[in-house]
Amino acid sequence: MSQVLNDNVHWADLAADKIIRGNNDKDSYTLASGITPSGVVHFGNFREVMTTELVARGLKKRGKKVRFIFSWDDFDTFRKVPANLPKQDELAKFLFQPIVDTPDPFGEHESYAAHHEKSFESQLKKMGIELEPIYQAKKYRAGAYKEQIKETLRKKDIIAGILNKWRSEPLPESWMPVSVYCEKCNRDKTTATAYDGHNKLDYRCDFDDCKHTGTLDLETTSRAKLPWRMDWPMRWSVEKVDFEPGGKDHSSQGGSFTTAKDIVKDVYGWKAPMYLQYDFVSIKGMGGKMSSSKGNLVTVNDVLDVYEPEMVRWIFASYKTNIDFGLSFDLDVIKNYEDFDRLERMAYGLEAGNEKKIAMAKRVYELSQITEAPKEMPFQPAFRHLCNVLQINDLDINRARGFYNNDIKNERDERRFRERAQRAAYWIENSAPDEFKFSLNKDVFKMELTNKETAFLNELNTYLKAEFNNILDDKSLHEKMYEMIHAHELEPMSVFTLLYKKLIGLEKGPKLAGFIRTIGLERVSKLLVP
Ligand SMILES: [Zn+2]
């Protein structure tokens with residue numbers, strides 16, 4: 001998972017340095033990102049925010065002030081009713097109207113846009129991300145951009161020239177760089193027909209039977225908006241943005257970043273911010289239960305059901321932005337926890353590694369923290385083992401904690417245990433593969449046994465009762481069991497199957513010696529009766 005550990009300088013710090021160099025080392029910087037709340041804001045969208053946040057931390061580390069603005073593009077058009085939302089027919093009535101005017105199908109918030117905005121904002125908090133949201137519908141409707149809209153219309157030929165460089169067919173002479181929401185039907189299925197160079201913009205509505213024609217006063221209207229290719233560079237100039245990342249869809253040759261770079265210079269008299277393209281994030285191994293209810297859209301909350309917040313940050317900090325990665329909900333979850341624990345140990349100097357790797361591990365770990373990192377390394381309940389402890393205890397977290405009483409020494413340890421145990425239990429119930437699941441037998445598992453097997457079980461049980469607390473480690477119990485198996489002239493494989501049947505009623509399970517020690521003498525000796 002830790003893709004950057006062999007580098008000398010973290011990519012977020014490199015980006016910060018580049019921003020500083022490109023701006024003559026000023027004191028404070030504006031970092032921007034944005035999302036259109038056209039539906040559930042999913043985990044893939046999260047990379048937009050996380051990329052910006054990590055660069056912000058890079059700048060802060062160099063003593064710079066950072067303003068992190070986040071645009072909710074809620075004045076955009078509601079283009080498509082996403083599947084799996086309630087009230088599909090009701091929502092369909094609002095197609096081509098502003099997202100901010102579309103009602104919340106859940107009836108919880110003032111609009112469809114607000115529903116998705118508030119939900120995402122609360123998820124950002126859990127990830128330790130603080131930003132300044134800008135609600136673009138409010139901005140546009142308050143006239144914040146009215147001068148820019150007029151300027152854009154006046155310079156339409158310059159803009160058409162820039163866009164035409166990348167178009168196979170040039171824009172028609174009649175093209176106007178503006179969108180209008182019809183005064184009668186509130187839809188943007190309109191065409192701007194004439195601009196007088198000052199405040200008057202004529203338009204006609206092309207929607208079905210509306211056919212309204214009207215004139216907007218650009219000084220007072222709340223119905224005009226710039227299309228994306230102009231909207232984006234216009235806002236760079238208004239907010240004086242120094243850095244903004246963008247997804248692949250905006251980053252291709254001739255894509256919106258290419259044209260925005262020219263438009264911001266030639267139309268708005270500002271310069272393009274430093275830009276970082278980020279790649280996609282995919283999800284692997286989602287349990288059927290979760291994906292069917294949400295139409296395969298995985299949110300930050302879904303990821304937080306399985307991963308600690310620090311781990312989610314670590315994953316983003318570990319991949320350079322131009323590398324796509326898949327986040328797993330299958331068996332790889334265990335490996336991810338093991339990788340994270342190793343990084344944490346490296347960051348605290350408790351795991352060997354070369355100097356470069358350790359320095360990078362420290363930085364990645366720092367970037368993964370939500371609050372300041374604790375002075376001493378938090379307790380690390382190994383995820384795989386924790387899953388076993390939980391299942392031995394019927395997924396009861398409080399009972400499972402008993403196993404770790406000697407390890408949990410402070411509040412941070414307690415938080416680590418609780419957060420991790422909750423996630424392990426959730427993972428077992430919702431997306432762990434079936435072969436990973438078990439529950440301890442409540443009573444003696446009845447089965448036909450040979451004389452040799454009966455004798456073996458009796459001897460093992462006698463040994464455990466006498467020596468359980470003196471067993472040094474899993475390996476010594478493992479060796480002791482092999483000794484007994486050979487003494488009774490039995491086949492190891494069939495004995496293991498027998499023991500798993502006796503303990504959990506299955507033919508396979510966690511590694512036996514450690515498993516027996518984790519279950520504890522009382523219950524093991526009750527179950528290993530022939
Ligand atoms: Zn209309």
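Predicted model: local features only at pLDDT ≥ 70, side-chain atom pairs only at ≥ 80, totals over all residues.

Biologist: Why does the distance between the end C-alpha atoms of α4 agree with what a helix should span?

Modeller: Helix α4 covers residues 112–126, and at 1.5 Å a residue its 15 residues should span 21 Å; the end C-alpha atoms are 22 Å apart, so the two agree.

Biologist: And what follows α4?

Modeller: Glycine 128, with a positive phi, near 75°.

Biologist: Which residues of α4 are buried?

Modeller: Quite a list: Tyr112, Ala113, Ala114, His115, His116, Glu117, Phe120, Glu121, Gln123 and Leu124. They pack against several elements, including β1 (28–35), α2 (43–61) and α12 (300–306).

Biologist: What is glutamate 117 in contact with, then?

Modeller: Setting aside neighbours within four places in sequence, glutamate 117 touches Pro37, Trp72, Asp74 and Tyr135.

Biologist: Where is glutamate 453?

Modeller: In helix α19, residues 451–467. Glutamate 453 is buried and has no salt bridge either; its nearest side chain of opposite charge is lysine 502, 9.3 Å away.

Biologist: Which backbone nitrogen lies 3.0 Å from a polar atom of the glutamate 453 side chain?

Modeller: The one of threonine 450. Beyond the neighbours within four places in sequence, glutamate 453 is in contact with Glu448, Leu490 and Leu498.

Biologist: Okay, strands now. Do β9 and β10 run parallel or antiparallel?

Modeller: Parallel, with 5 bridges joining β9 (residues 243–247) to β10. In that pairing, glycine 246 stands opposite glutamine 277 of β10. Strand β10 (residues 274–278) is mostly covered, as 4 of its 5 residues are buried.

Biologist: How about β6 and β7, parallel or antiparallel?

Modeller: Antiparallel: 5 bridges join β6 (residues 200–205) to β7. Leucine 201 has leucine 216 in β7 as its bridge partner.

Biologist: Which residues make up the covered face of β7?

Modeller: Gly214 and Leu216 do, while Thr213, Thr215 and Asp217 form the uncovered face of the strand.

Note on methods
Residues numbered from 1 in each chain as written. Heavy atoms only, no water. Helix = DSSP H or I, 4+ residues; strand = E, 2+ residues; numbered from the N terminus. Expected span 1.5 Å × (residues − 1). Buried < 20%, exposed > 50% of the residue type's maximum accessible area, 1.4 Å probe, protein only. Contact = heavy atoms within 4.5 Å. Pairing = 2+ DSSP bridges. Lys, Arg positive; Asp, Glu negative; His and termini not counted. Salt bridge = Lys/Arg side-chain N within 4 Å of Asp/Glu carboxyl O. Polar contact = N/O pair within 3.5 Å; in protein donor to acceptor, adjacent residues only side chain to side chain.
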